[in-house]
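I opened the model to look up a few things about how its parts pack. The entries below follow the order in which I looked.

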Amino acid sequence: MAGRLEPEPIARRDFLGLAGWWTAALAVLGSLAGMVRLPNPRVLPETSRRFRIGRSRDYPVGSMQVVPDKNVLLVSRREGFAAISMVCTHLGCIVDRSETGFACPCHGSSFAKDGSVVAGPAPRGLRWLEVSRSIDGRLTVDSGREVPAGTWFRA
Amino acid sequence: MAGMKRFDQKRGLAAFLANLRRLPDTLSYSIFRHGRPRSERGRSQAVFSSLFLHLHPTRVHVRTLGLTATFGLGIAALSFFIILLVTGILLMVYYTPSTELAYNSMKDIHYVVPSGRLIRNVHRWGAHLMVIVVMLHMCRVFYTASYKAPREFNWLLGMALFVVTLALSFTGYLLPWDQLAYWAITIGANIASSPRELTDALGITQWFDPGGLQKELLLGAGEVGQDALTRFYLLHVMLLPIVLVMLASVHFWRIRKDGGLGRPQAEQTSGAVGQAPDLVPPPGGENDKTWSLMAVVRDRSAATDNEPGDTVATWPYLLRGELVVFMLCTLACLVLGVLYDAPLKEIANPNVPENPAKAPWYFLGLQEMVSYSAFMGGLVIPAVAMVGLALIPYLDREAEPAGVYMSGRAGRKIALQSLAFAVLLAVAWVAIPVNFGWLRNWFPGIPQIVIIFVNPGSLLTLGYAAWSLVILRNTGSTRLGAIALFTCFVAGFVVMTYVGMELRGPNWDFYWSRSHWPVH
């Protein structure tokens, strides 16, 4: 027990006051943390990013077809199939096909036929998406999975 | 009981009738606590004791009422906000924030709802005009040096109000759920996720992805859909208006607390800054106690340097001026709303972007910079500009009375020089990429990180910063340096906005005029 002659490092009254303030501050911070968590969705409400696009014979070798409503270009070559996303890597507009490859209407990025950036503000080439075969034999594209450019899926 | 007073039945009835007759007066007195404001003192008291009027002082300096002192821009901004609040609530009666119904409810408002079309047009025009007057108000405050001590904090509040005003416009832009809205918000949300450019270039997106987090917080999903619409609606009708009202209340309150409208030394008649004025009793009576608090507190008085001789009564003079500004603002909205319809394009289609997809005009300067690099143009440069503007009152502390435009001749000269420099530099940095391409055209294999940081937008910002530092060094005055910086910022904003509005066409290509756009 500290004697009366030894000064306490902090007065009891001050200590209790500070403890009260800090308790209140922590409670507020804790509630804030809980509130900030809420708007950050844990599950994204979206349609599945995997979708079937038909049989491989629908896409003859040498063809390039835009999959309806999916903003994906399916390229079929002797090496196999590739799906190139038509969502611009700059700010998410849908690119148009041009003579030399792709052109973005929003901010003028242009891409070569293999999706690599030729000009404009796009920070990177168009994404190549994973192509696979589903169990019923149809081709499947997963727009949530990117594969390195130049990856061809052999049917 | 024996001591109980006996009431005369007739007298009770008479009192009741008398009270009934006096009801209008007693009711009015219970609300206002004073009689009808017939005298100057009565009107002062009315201003003083009303919650809504007491943000005004009871008397204002005559200079406050001069047209060129403020051009009424602050009151105009408030007027447009009130118009937006009223028309916005009316629109909410029919608007449905659902991707299925939003567009249809817009059509209903336009074609079916009684006076719905006019109300929507007024809302749209009010929003545009509010953005304009907020910007002009900011220029007025800057050029009259009204941001200086003791008004630094009010400048910060003003910056926050500017940002909230833009955020309100942006969130309102999505609600019609037409093509214009959908693609503007897609672009906006992707600007929020543009820190990915940097994290991708560094190869750390997998572990650290602030861009993705921002986008998900804004949209509640991977792309613009029902969750985005719900969130934008919530922000637009609830959160942001509440924030704006709170900030604006403090902003107005601080005008009084910081000593009212700033004015030049020559027009001040008594008291140096920091010296409490003599306690002159306000006109109207020796017994008024409004000064008692000031007499107890040992600090500078809030009502600085006011002598009754320089002042006029708030009611009627100031209130009349405010009413005129409000009427003019309403008139402007109405005339524009009758003459020009707010646009409504086709319903949103996630597969076909607008070409060109343009943001509202006040963001087109940003969009021009975004077309160089999303991360620098959309986030870093605006953030640097905002922080730079916010710090001005803390970095320029030269004591100087507020109220003289450009602080006199030297300031006017610097402002003109800066204007010329800023316009030339901005035009040059737009013209060079248009005519000669940019780094990727010259060096195809250049690393992405160089392209992100070295682009016309960031070079323009650096040029402006360098120019104001040179002015600062050559003149030895922080105020002149600030004038240079602010003028550059305004001129750059105007040039970039003009380029984005008028000179960019399909594929964001350069066209001298809209009539040269290819037809398709």
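I count two residues as in contact when they have heavy atoms within 4.5 Å. This is a predicted model, in which local features need pLDDT of at least 70 and side-chain atom pairs count only at pLDDT 80 or more, while totals for chains, interfaces and linings use all residues. Residues are numbered from 1 along each chain as its sequence is written, chains are lettered from A and ligands numbered from 1 in the order in which they are written, and side-chain values use heavy atoms, with hydrogens and water left out.

**Entry 1: the interface**

I began with the two chains and found 35 residues of chain B in contact with 26 residues of chain A. For buried area I took the accessible area (1.4 Å probe) that two parts lose on being put together, summed over both. Chain B and chain A bury about 2300 Å² between them, and 55% of this is on carbon and sulfur atoms. I then asked which three residues supply more of the area that chain B buries against chain A than any other three. They are B:N351, B:R440 and B:N507, with 23% of that area.

**Entry 2: salt bridges**

Side chains of opposite charge can pair when their charged atoms come close. My rule for a salt bridge was a side-chain nitrogen of Lys or Arg within 4 Å of a carboxyl oxygen of Asp or Glu. How many does the rule find across the interface of chain B and chain A? The count there is 0. Over all chains, the rule gives 17 salt bridges. I looked up one of them, between A:E146 and A:R127, where the closest N and O atoms are 3.9 Å apart. This pair links distant parts of the chain, 19 residues apart: A:E146 is in strand 10 (residues 139–147) of chain A, and A:R127 is in the loop between strand 8 (117–119) and strand 9 (128–133). Here and below, helices (H or I, at least four residues) and strands (E, at least two) are DSSP runs, numbered from the N terminus.

I fitted axes to C-alpha atoms, for helices over the stretch in contact, and took angles from 0 to 180 degrees between N-to-C directions. Angles under 35 degrees count as roughly parallel, over 145 as roughly antiparallel, 65 to 115 as roughly perpendicular and the rest as oblique.

The axes of helix 4 (residues 73–92) and helix 6 (residues 116–143) of chain B come within 8 Å and cross at roughly 155°. That makes helix 4 of chain B roughly antiparallel to helix 6 of chain B. For residue classes, Ala, Val, Leu, Ile, Met, Phe, Trp, Tyr, Cys and Pro count as nonpolar, Asp, Glu, Lys and Arg as charged, and the others, Gly among them, as polar. The contact of helix 4 with helix 6 of chain B has 17 nonpolar, 6 polar and 2 charged residues.

Next I took helix 6 and helix 20 (residues 478–503) of chain B, which pack at an angle of about 160° with their axes 11 Å apart. Helix 6 and helix 20 of chain B are therefore roughly antiparallel to each other. In this contact, B:M135, B:M138, B:C139, B:F142 and B:Y143 of helix 6 meet residues of helix 20 including B:F486, B:V490 and B:F493. By class I noted 10 nonpolar, 1 polar and 1 charged residues for helix 6 with helix 20 of chain B.

Helix 13 (residues 314–339) of chain B also has its axis within 8 Å of that of helix 6 of chain B, crossing at roughly 125°. Helix 6 and helix 13 of chain B are therefore oblique to each other. Among the residues making the contact are B:W125 and B:G126 of helix 6 and B:L334 and B:G337 of helix 13 of chain B. The residues of this contact divide into 9 nonpolar, 3 polar and no charged.

**Entry 3: backbone**

I found a cis peptide bond between B:A149 and B:P150, with omega about 5°. B:P150 lies in the loop between helix 6 and helix 7 (152–174) of chain B. Another cis peptide bond joins B:W315 and B:P316, with omega about 20°, and B:P316 is in helix 13 of chain B.
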